[in-house]
Amino acid sequence: MLKRLHDTAGQDTALALSQVDSLAPFTYGLEYSAPARGGWTIVHIGMLLPESHQVFVCAQSCLRGVVLSAAELGDSSRFSTISVDEDSVLEGNCEEIIIEGVAHILEGLPALPKALLLFTSCIHHFLGTDMKIVFGELNTRFPQVGFVQCWMNPIMRKTKMPPDPFMRKQLYSLLKPADMCRRQVNIIGNNLALRKSSELYTILEKNGFSIKDICTCHDFREYETMASSRLNLVTNPLGRPAAKELCGRLGQEWVYLPVSYDWEQIREHWKCLSDLLELDFDSIWKEGEMDQLWQKAETAMETLAGELAGWSVAIDYTASSRPFGMAKLLVKCGFRVERIYADTISPEEEDTFAWLKKQCPRMLLCPTVYHKMAVLPRTWCREAGGKVLAIGQKAAYFTGTSHFVNMVEDGGLYGYGGILELAAMMEEAAGEEKDTEKLIQVKGWGCCC
């Protein structure tokens with residue numbers, strides 16, 4: 001059924017929080033994809049595995065996007081494709097095509113990679129391609145290469161295990177059992193390394209711990225050392241499947257301490273981590289001058305709110321896994337947050353949303369993929385005299401502002417130090433205009449593998 005995008009009848013494109021009565025307040029059919037490309041694709045995530053090569057096996061039309069992603073990164077040398085056509089489907093020899101295609105690619109490389117990420121697509125699921133045969137034969141032919149099964153399968157986007165969290169889990173599938181190092185901790189499941197502004201580094205390094213993160217591994221040997229860590233710290237909800245798998249396979253304990261914009265919750269996170277690592281929390285808190293850092297971050301936010309008294313703030317879900325938590329923090333510090341761009345509300349933020357609904361009933365919840373978003377005028381910033389500060393690329397796009405914090409997935413911010421740095425990023429965004437159209441079209445913001 002055709003839809004008239006300019007027809008104003010039907011569902012509103014924004015709801016006041018007082019009108020929102022469920023965690024999924026918008027209904028969808030036809031969806032719009034805004035030209036804000038900073039979120040990472042499976043190509044970008046795969047590039048985090050050092051000394052690896054990626055092979056995508058799909059139809060030519062599907063290959064276009066992933067080829068462009070690799071080209072934008074300047075890493076086409078780590079990327080190859082195998083095209084699936086009608087003949088290969090009709091003849092039923094998909095397994096042979098994959099095996100021989102991968103063998104041909106590997107034999108043509110200057111040197112064998114330490115790992116090969118093999119991406120199959122929807123058509124292989126439809127045809128029931130036997131991937132056990134494929135990987136069995138490839139492991140026999142190339143025992144020195146670690147093969148990783150990956151999916152490029154958009155039909156699984158809304159299943160229990162979509163391609164994104166599956167990809168993050170598979171990144172660690174080549175880790176093998178190793179002797180445990182009691183003074184080593186992994187950060188698991190992030191696309192971006194936590195910034196050095198986080199007190200996490202100070203706390204752990206002062207107590208003799210080393211921190212491992214695939215985002216900072218320079219080579220495959222360093223990646224392999226992650227198998228020795230005693231604890232896996234997960235800060236992004238999409239990293240939990242990876243931590244669960246490593247717990248079952250390698251016996252590594254894990255804890256989920258997500259990015260938080262709540263002062264007390266951050267303190268609780270440090271208490272939890274201290275207990276798990278058998279550290280004295282009171283000593284850590286005092287020696288790390290955590291009270292002072294907390295106060296410094298809170299003062300920075302409140303001071304900035306006063307300086308931006310005439311500004312409106314908009315936040316979107318691609319900037320943070322906790323957009324409502326971020327909004328609550330900003331509201332409590334004195335900012336005028338007027339819009340949150342998110343299609344659903346995470347159950348983890350249900351209580352936070354309830355607080356915002358009570359305290360800020362007129363704040364707007366705006367969808368991002370509802371089809372009418374394609375034709376709505378993006379003039380709010382101009383109507384507000386240019387004083388709109390966006391946090392996130394989609395918020396910048398939909399509001400039409402050139403003042404925005406350009407970050408995805410919390411930008412590596414964590415803890416009190418992360419909030420302090422966020423205040424600096426917001427101050428910079430308010431003071432300097434950005435070329436929004438140019439910046440938001442860069443795919444996989446922050447990926448420089």
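The following legends describe close-up views of a predicted model of one protein chain.

Residues are numbered from 1 along each chain as its sequence is written. In this predicted model, local features need pLDDT of at least 70 and side-chain atom pairs count only at pLDDT 80 or more, while totals for chains, interfaces and linings use all residues, and side-chain values use heavy atoms, with hydrogens and water left out.

**View 1. The overall fold of the protein chain comprises 19 helices and 14 strands.** Helices (H or I, at least four residues) and strands (E, at least two) are DSSP runs, numbered from the N terminus. The radius of gyration is 23 Å, close to the 22 Å given by the globule rule for 449 residues, so the protein chain is as compact as a globular protein of that length. This radius is taken over C-alpha atoms, and the rule is 2.2 Å times the number of residues to the power 0.38. The C-alpha trace spans about 65 × 65 × 35 Å along its principal axes.

**View 2. Buried residues make up 53% of the 449 residues in the protein chain.** Buried means under 20% relative accessible area, exposed over 50%, and partly exposed in between (1.4 Å probe, protein chains only). Of the contacts with a separation of 6 or more, 75% are between residues 24 or more positions apart; a contact means heavy atoms within 4.5 Å.

**View 3. W270 and Y414 form an edge-to-face ring pair.** Rings of Phe, Tyr and Trp (its six-membered ring) pair if their centres lie within 6.5 Å; planes under 30 degrees apart count as stacked, over 60 as edge-to-face and the rest as tilted. By this rule there are 13 aromatic pairs. The ring centres of W270 and Y414 are 5.8 Å apart and their planes meet at 85°, so the pair is edge-to-face. W270 belongs to helix α11 (residues 263-276) and Y414 to the loop between β14 (404-405) and α18 (415-431), so the pair ties together parts that are 144 residues apart in sequence. Both W270 and Y414 are buried.

**View 4. Y341 and F398 form a stacked ring pair.** Their ring centres lie 5.4 Å apart with planes at 15°, so the pair is stacked. Distant parts of the chain are linked here: Y341 lies in strand β11 (residues 337-341) and F398 in helix α17 (residues 393-399), 57 residues apart. Y341 is buried, with a relative accessible area of 2%, and F398 is buried at 5%.

**View 5. An aromatic cluster contains W263, F281, W285, W294 and Y416.** Ring pairs link these residues.
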